[in-house]
Amino acid sequence: LIFSKAFVIFVYIGIDLSDKQLKKAQDKSQKENSIFINSNLSSIPLEDNSVDLIVSAWVLGTMFDLEERERCLNELKRVLKIDGSIILVENAEDSEFEIIRNHHLEIKTKSYNNWIKDHGFYEIENINTYFNFQDIKTAKECFEVIYGEEIASKINNNKIEHKIVIFKFDK
């Protein structure tokens with residue numbers, strides 16, 4: 001009998017358009033085997049079929065240009081290995097967070113989540129979570145910086161319900 005041990009080396013790749021965000025990620029990274037690439041997702045500088053797992057949190061849904069979103073998703077699928085997976089972390093449609101941001105009225109989240117499903121993804125988990133700010137004033141300040149005064153004015157509690165959906169695509 002012959003036994004051999006195969007060593008698997010994981011390489012973690014972070015991609016972002018922002019040098020500032022990449023620098024923050026690099027500073028926080030605990031992994032020596034991490035690579036950080038400044039790139040647009042519509043043109044990833046990696047070979048075809050070269051990545052085992054892609055995890056993306058709240059990225060594609062921020063792209064309102066559907067052609068750009070489509071290009072980015074196609075690019076993610078291009079670099080994904082056969083038998084690889086893409087995991088998307090996204091907002092659920094029916095949470096206080098979506099109501100505060102008016103996304104329930106414009107069906108943005110529902111439309112986007114349906115777009116994901118139409119592109120071969122399926123739901124693997126729904127998570128009920130929340131934002132818990134120190135106080136209402138801090139919650140309002142945070143929301144105002146991100147979403148503006150009108151949205152921030154809707155905050156009436158320091159704890160805001162947020163529902164998340166995890167989607168998966170298998171190649």
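**Charged pairs and their surroundings**

Modeller: E75 and R78 are joined by a salt bridge in which the closest N and O atoms lie 2.8 Å apart; the term stands for a side-chain nitrogen of Lys or Arg within 4 Å of a carboxyl oxygen of Asp or Glu. The model is a predicted one, in which local features need pLDDT of at least 70 and side-chain atom pairs count only at pLDDT 80 or more, while totals for chains, interfaces and linings use all residues. Residues are numbered from 1 along each chain as its sequence is written, and side-chain values use heavy atoms, with hydrogens and water left out.

The two partners are 3 residues apart in helix α2, which means that about one helical turn separates E75 from R78. Helices (H or I, at least four residues) and strands (E, at least two) are DSSP runs, numbered from the N terminus. E75 is buried, with a relative accessible area of 12%, whereas R78, at 23%, counts as partly exposed. Buried here means under 20% relative accessible area, exposed means over 50%, and partly exposed is what lies in between, using a 1.4 Å probe and protein chains only. As a general point, side chains of opposite charge can pair when their charged atoms come close.

E68 counts as buried, at 17% relative accessibility, and R71 is partly exposed, at 40%.

Another helix, α5 (residues 136-147), holds both E141 and K137, which are 4 residues apart, about one turn of the helix. Their side chains meet in a salt bridge of 3.5 Å, N to O. E141 is partly exposed, with a relative accessible area of 40%, and K137 is exposed, with 58%. Salt bridges that share partners also join D48, E75 and R78 into one network, which brings us back to the pair I began with. By the distance rule given above, the count comes to 11 salt bridges.

Rolling a probe the size of a water molecule over the atoms shows where empty space is left. The search uses a 1 Å grid over the protein atoms alone, and a pocket is an open set of points, where a 1.4 Å probe fits, with protein on both sides within 12 Å along at least five of seven lines; lining residues have an atom within 4 Å of a point. Grid points are joined across faces, edges and corners, and a volume is the space filled by probe spheres set on the points.

The largest pocket has a volume of about 1000 Å³, and of its 28 lining residues, I13, G14, I15, I54 and V55 lie nearest its centre. Helix α2, together with β1 (12-16) and β3 (51-57), is among the elements that each supply at least two residues of this lining, and β3 gives the most, with 7 residues. By class, the lining divides into 20 nonpolar, 6 polar and 2 charged residues, where Ala, Val, Leu, Ile, Met, Phe, Trp, Tyr, Cys and Pro count as nonpolar, Asp, Glu, Lys and Arg as charged, and the others, Gly among them, as polar.

The second largest pocket holds about 580 Å³ of space. It is lined by 24 residues, of which G61, T62, N91, R101 and H103 lie nearest its centre. The elements that give two or more residues to this lining are α2, β4 (80-91), α3 (96-100), α4 (108-118) and α5. Of these, α4 gives the most, with 6 residues, and the lining as a whole has 12 nonpolar, 7 polar and 5 charged residues.

To set these parts in the whole, the protein has 6 helices and 6 strands, and its C-alpha trace spans about 70 × 35 × 35 Å along its principal axes. Of its 171 residues, 34% count as buried.
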